[in-house]
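Hi,

Here is the structure I promised to pass on.

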Amino acid sequence: MRRVGLLAAILLCVSARPARASGHLTFDSPELEALGVVLFVLGIFGPSDLGALIPAHDQADETKLVLGWSWQIPLPPMRKGELSGSNHHFIGGFDYLPQGNDGHFLGRFGYRYSRSRLIAGLTAAFGHAGWDWSPEIGVKLIHGFEPDAPFDPSLHLLARANFAFGLERFDGVTVLLGWSFL
């Protein structure tokens, strides 16, 4: 029995190395490379938010689907020659409301603060109804790395109120489920 165990140990030593996780993703086939390219393109150009615009009680509108594209830039973007892991972000993007004959885009830019699981910010939106304020608050449902990492991918839930600049009109609330890299 000892000889069988010794023979097995020798065979393990001279055989191919056993597989182990290296922590690096490798693409060994053209199919995986193509999938990686598609996911990268969708990650950059695809919608980062999906949700609904819930109109104010006094409006006759129905709830509308919202597709959102937003990008965040840390403030300051660089520290000591490396991408900054800041909690402060400049955000820009647009929302598309595809329903009905009046499907339209809303442009958006502003400021967002995120720390741990909290997200809060204020954006200015412009579209067919003029300029709006959109204070936002949210929570990160899942997020990636340590708090000060330059990349902190997350899945988040956001709620935005939509006010006219002069505060004379309240259009409703937008609730979004989305993701971000930073």
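F94 counts as partly exposed because its relative accessibility is 28%, and that label covers whatever falls between buried (under 20% relative accessible area) and exposed (over 50%), using a 1.4 Å probe and protein chains only. W71 gets the label partly exposed too, at 41%.

Before going on: this is a predicted model, where local features need pLDDT of at least 70, side-chain atom pairs count only at pLDDT 80 or more, and totals for chains, interfaces and linings use all residues. Residues are numbered from 1 along each chain as its sequence is written, and side-chain values use heavy atoms, with hydrogens and water left out.

Back to the rings. The whole structure holds eight aromatic pairs, meaning rings of Phe, Tyr and Trp (its six-membered ring) with centres within 6.5 Å; planes under 30 degrees apart are stacked, over 60 edge-to-face, and the rest tilted. W71 and F94 make a tilted one, with 6.3 Å between centres and 50° between planes. It links distant parts of the chain, 23 residues apart: W71 sits in strand β2 (residues 64-74) and F94 in strand β5 (residues 88-97). Strands here are DSSP runs of E, at least two residues, numbered from the N terminus. Ring pairs also tie W69, W71, F94, Y96 and F105 into a cluster.

Then there's β10 (residues 170-180), which pairs antiparallel with β1 (residues 49-55) over seven bridges; pairing takes at least two DSSP bridges. L50 faces L177 there. β9 (residues 154-164) also runs antiparallel to β10, with ten bridges, and N162 partners G172.

Cheers

Definitions and conventions
Helix = DSSP H or I, 4+ residues; strand = E, 2+ residues; numbered from the N terminus.
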